[in-house]
Amino acid sequence: MRKAVRVIFIVVIAAALISSVRYCASPYGTETVTYYEYEKSVSGSGYILRGETLVRSEAPGVFEPFVNDGERVAKNAKVGTVITGRPDDAMVDELNIINERIEDIEKSQIMSEMYQSDAVRIAGAVSADVKSLREAVREGDYARASELKREVGYLKGRGADIETDQSDELLAELYDRKADIENAIGGAQSEVFAPKAGIYSASIDGLEEFGSEEAMAALTPSQVEGFDGLMKDAEKDENVLCKITDNYNWYLAAVISAEEAEDVTVGADVSLMVDASETAEVDATVLSLSEEEDGKRVVVVQCGKFVDGITSLRSVDYKLVLLRKSGLRIPSEALRIENGEKGVYILVDKHTKQFKSVNSDPFGTEDDRYYIVDRNYTPSGAKASYVPLKELDKVLLKPEEVK
């Protein structure tokens, strides 16, 4: 008897719980509004291309550069000298070292004359230059930033190992030794000038011919896939001394699948991240998309944004973001139009609904199940008390059921 009573008691309690849950739960289908980020991208390995002008010499000889790799030069700036004849290699090496030393001392002397033996003024000048350097980078004036960076370096190093009186004496000795070596080397010397402004580089790898936009647009997947071999087998042209590289626009060329290419539109604005820029993304534009070859296509992306360290790179890992949307996610089936305004109904309480407007061009996901709408959207003419659709709101899937 007691056992039967206990069973009945349990059944009654269970029935009461089920009834309570049904009473408290909404009888209508709803879905909770959440914040959502959508991204469509392609990634892999590609090649950095630039407009590159080769500097040639008509007469064979030894090229003695006056600038370092990665240094920006102006148009018609002197970048080196070609010494004809058969000079001694050791003497040429010594001459290069002497030229670098002379340049360091002369630049250091300029700074020392401005801030002679005054540590406080030097520190103040460094501080001012650092501030100007940050402003130049923020404003995108990278030529000015490069000049300021070098100036800070000379200021910090001034006086460390070169005093004014000692440097004058050393400089005279270096010029004497320079003259002796040049006389010993013999032969004629011809100065070499930059044909255009840009970045100086002595590295010739065989990809310079693809630096124009016309050449990039004509690239095929098999050509790009052969870039590594082309660079490895590139033969040195004795008449090519160096190159001047465009330091503004640069390009990424990469092979992608035909399926990935379906989402790529020529002229579209995209975001690009390469391994040289660590985690920073830069704005870019799709320049060209090749014809399909064996299920592959070449995409070329153009960028005018400076990325530190990218000047010296050819092969890079990249991520190309073709589309990115973020906002509130709502179910497609819940979208309604009321009085010409798109929106959704939310459940205010158990039996009350309220219309919330959304932007007129919501983004639909690929599966067509959801829309991504703007956060904090308020329609024109709304009252000051209007509360926009927000996260955790309960969107009615079939608002017509709520009378």
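Guide: The structure holds 0 disulfides. The criterion is a pair of cysteine sulfur atoms within 2.5 Å. A disulfide is a covalent bond between the sulfur atoms of two cysteines.

Visitor: Why is Cys 242 called buried?

Guide: Buried means under 20% relative accessible area, exposed means over 50%, and partly exposed lies in between, with a 1.4 Å probe and protein chains only. Cys 242 has a relative accessible area of 0%, so the label is buried. Cys 303 has 1% and is therefore buried as well. Over the chain of 403 residues, 35% are buried.

Visitor: What rules stand behind these values?

Guide: This is a predicted model, in which local features need pLDDT of at least 70, side-chain atom pairs count only at pLDDT 80 or more, and totals for chains, interfaces and linings use all residues. Residues are numbered from 1 along each chain as its sequence is written, and side-chain values use heavy atoms, with hydrogens and water left out.

Visitor: How do you know what confidence the chain has?

Guide: By pLDDT, the predictor's confidence in each residue, from 0 to 100. The chain averages 80, and 74% of the residues score at least 70. Over residues 15-24 the pLDDT is below 50, and this stretch has 1 contact (heavy atoms within 4.5 Å) beyond near neighbours in sequence. Residues 159-164 also stay under 50, with 7 contacts beyond four places in sequence.

Visitor: What makes a group of residues a nonpolar core?

Guide: Its members are buried Ala, Val, Leu, Ile, Met, Phe, Trp, Tyr and Cys residues, joined through side-chain atoms within 4.5 Å. The largest one here has 24 residues, and Trp 250, Leu 272, Val 299, Tyr 318 and Leu 320 touch the most other members. Strands supplying at least two residues each include β2 (34-49), β10 (250-257) and β14 (315-331). Strands are DSSP runs of E, at least two residues long, and helices are runs of H or I, at least four, numbered from the N terminus. The chain has 9 helices and 20 strands.

Visitor: How do you know that β8 and β9 pair?

Guide: Pairing needs at least two bridges found by DSSP. β8 (residues 198-201) and β9 (residues 240-245) have 3 and run antiparallel, so they pair. Ile 199 stands opposite Thr 245 in β9.

Visitor: Why are β3 and β5 called edges?

Guide: The open sheet of 4 strands has the order β3-β9-β8-β5, with antiparallel pairing. β3 (52-56) and β5 (72-73) each have a single partner strand, so one side of each lacks a neighbour in the sheet.
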